[in-house]
Amino acid sequence: MTETRTETLEFRSELRQVLHLITHSLYSHREVFLRELISNASDAIDKIRFAALADEGLLEGDHDFKIRLLADEAAGTLTVSDNGVGMTRDEAVENLGTIAKSGTRAFLEKLSETDPEKRPGLIGQFGVGFYSAFMVADKVAVTTRAAGAGHTAVRWESDGQGTFTVEPAERAGRGTDVVLHLKDDEKEFLKEWRLRQLVKQFSDFVEHPVVMDVERSEPGPDGKGEKKTVTETLNSQKALWLRPKTGVTKEEYESFYRLVSGDYGEVAKTIHYAAEGTTEFNVLLFIPARMPVAFRWGEAKVGPRLYVRRVLIMDHCEALLPPWLRFVSGVVDCPDLPLNVSRETVQRNPILDRIRKNVVKSVLKALEELKKDEPEAYASFFKELGTVLKEGVARDHEHRAALADLLLVESVKTEGGKRTTLADYVAAMPEEQKEIWTLSGESREQLLGSPVLEAFRAKGWDVLLLTDPVDEFAFPALESYKEKPVRAADRGGVPDAVGAPPPAEESARFASLFATLASRIPDVKEVRLSSRLTESASCLVAEEGEMGANMERLLRNAGAGVDVKESKRILELNGSHPAVEALRALHEKAPDDPRVESFGKLLYEQAVIAEGSKLKDPAGFAKRVNELLVKGAIDPA
Ligand code: ADP
């Protein structure tokens, strides 16, 4: 049954907060309301145009898509009208007042933390654009009629204070009129010059004409000025991606980037080309200089826009780029695709497959150029978005080699915060070094203190320091780079060139002690002499191919549902360390002395701490240290 009376409904509570925050904290950028309303109108036109592809009748003869601005000085109202899809009563109630969007809460939380300059970008990203109207209006009335026969119009109205009303209304044809009753001190938004300026600034690339009736004086036949009303289109509607690169200015690219990405950050690299050959298509993509704000909170929608002959098919076509390039935004326009491709069929479309291959290649090439030509810009890009690229190394066999060239990694020899490429690392390897060495852990500082690096350091071999969690997946997947195997410094043995294996008689001397320790320290599966220690007494290593300590920690921290079996480690002791020698002598003299176990555990516990893991029995450790301390204090000599 259709409602015939006026209903008063309440805004969802979260929306009230959104309204409050928008009106208060975005006030210095309140002019963005126009961009938001125009973009909603444009979306609504895209929707009807898209729906009409399947059902031409929906248009009811009205093909003349337009967004119309109407400033009424006398009434103090600004109206943004469109002949888009419109809304039914229920849609209006849901969309403009009650629906809880996933991003709403995040929006509330982040708005307060964000630099005021960057705030305007947030509104669009979080789908709360409509409410920005309340920054300039003390009342907003929306008259809307959904496309298709059988729908009547509805009027939605609110002062943005907590409730809104809906009632039946009249409207000729489908579409929406958003009428803003401007606040007294916001009347500047009725001025022609101001509206013109704002449309140029924010909505120039909007594909549909934004029109306004303006008065022009034209010289009449009697020579006197005659006032005439003409309808003028305020935006250029230029599809930048279809224009030759040479004719596009930096500013045009920048504002287009803002339009498609909703991000206010800088662009590191613009990729613009027309592909020719079996499939023709136009590409305009952007690699951001930093992680886009919404992206950081996991709120960003990913994938470039997909157009077919300038008709927007999809706002975010994920199928165009692999997940590890999800920071890339822009437009791909392919006239050869059928207009009715959908999210489902796009996945299996051979043309799209070809486009995707080509686009991925171009993005990788652009990144390579950035790395070569602007190393500093690339380094700061990589610092924020390298993690995403590394997912590709871990998962995408096809592009692994190309991605490996793009990696930047800290190493023992780089200054803190600086990174080397794998190519530079390999080029600097001494003749006798045949492998790429890595060590992973939580931080550079912790890794630099790791005993497993001692022999490498002594030898002057560099070791890559992996502190990004994704490194644990990326580097093992890489296996090798330029035919040099990638190996972990804390797994398996080390090459003879770094540390020669201990002579057999040396191992024999320690055999009995090691057997005792292995049986007394439950978390250790083997005790052996080390070839990688030069200063420390002990360290822990894993078998080649086994999970290392850092990986175990990461998986355990990942929590929920991950059952990480603890793998036992190999305890390596430094045979030339006085503490190890002293323990050997004690064991030889008195194998059953309880101090053998206690001191052995201390050597193990030092190694646990050095690799950045937690002690299982910190109280026991403290007790053992204190026993020694007491002895040391009684007999300081
Ligand atoms: P967003 O546009 O980001 O989703 P808004 O708060 O701006 O968020 O709008 C909420 C919803 O209201 C839109 O998603 C759309 O469904 C609907 N809407 C807004 N303006 C219009 C319009 N001019 N025509 C049709 N629907 C609209």
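Is Asp 333 buried or exposed? Asp 333 counts as buried, at 2% relative accessibility. Buried means under 20% relative accessible area, exposed means over 50%, and partly exposed is in between, with a 1.4 Å probe and protein chains only.

Before I go on, the ground rules. This is a predicted model, so local features need pLDDT of at least 70, side-chain atom pairs count only at pLDDT 80 or more, and totals for chains, interfaces and linings use all residues. Residues are numbered from 1 along each chain as its sequence is written, and side-chain values use heavy atoms, with hydrogens and water left out.

Back to Asp 333. Asp 333 sits in strand E14, residues 329-333. Helices (H or I, at least four residues) and strands (E, at least two) are DSSP runs, numbered from the N terminus. Which side chain does the side chain of Asp 333 make a polar contact with? That of Trp 241, at 2.9 Å. A polar contact is a pair of N or O atoms within 3.5 Å; within protein, one must be able to donate a hydrogen and the other to accept it, and residues adjacent in sequence count only if both atoms are side-chain atoms. Not counting residues up to four places away in sequence, Asp 333 also touches others, including Phe 281, Tyr 307, Arg 309 and Arg 310. Contact here means heavy atoms within 4.5 Å.

Next, Arg 155. Arg 155 lies in strand E5, residues 153-158. Arg 155 is partly exposed, with a relative accessible area of 24%. Its side chain joins that of Glu 157 through a polar contact of 2.3 Å. Beyond four places in sequence, Arg 155 touches Thr 143, Thr 165 and Glu 167, among others. Arg 155 and Asp 336 are 42 Å apart in space, C-alpha to C-alpha, and 181 residues apart in sequence.

Now the cores. A nonpolar core is a set of buried Ala, Val, Leu, Ile, Met, Phe, Trp, Tyr and Cys residues joined through side-chain atoms within 4.5 Å. The largest has 83 residues. Leu 325, Phe 327 and Phe 475 are among the members that touch the most others. Helix H10, residues 350-373, gives the most to this core, with 10 residues. Leu 325 is in contact with Val 360, Val 363, Leu 367 and Leu 389, leaving aside its neighbours within four places in sequence. There is a second, separate core of 54 residues, and Met 135 and Val 210 are among its members.

On to the sheets. Six strands form an open sheet, in the order E16-E15-E18-E17-E20-E19, with mixed pairing. Why is one side of E16 and of E19 left without a neighbour in the sheet? Strand E16 (420-421) and strand E19 (480-481) stand at the edges, so each has a single partner strand. Two strands pair if DSSP finds at least two bridges between them. E15 (residues 408-411) and E18 (residues 464-466) pair in the antiparallel sense over two bridges. Ser 411 has Leu 464 as its bridge partner in E18. Helix H16, residues 471-478, packs on this sheet and touches E15, E17, E18, E19 and E20. The direction of H16 makes about 135° with that of E18. Axes are lines fitted to C-alpha atoms, for helices over the stretch in contact, and angles run from 0 to 180 degrees between N-to-C directions.

Two more pairings. E2 and E8 (residues 210-219) run parallel, joined by three bridges. Arg 68 stands opposite Val 211 in E8. E8 and E9 (residues 225-233) run antiparallel, with nine bridges. Ser 217 stands opposite Lys 227 in E9.

A word on loops. Glu 60 is in the loop between helix H2 (32-54) and strand E2 (67-72). Glu 60 has a positive phi of about 45°, although it is not a glycine. Glu 479 is in the loop between H16 and E19. Phi of Glu 479 is also positive, near 60°. Glu 479 counts as exposed, at 59% relative accessibility.

Last, cysteines. Cys 317 counts as buried, at 0% relative accessibility.
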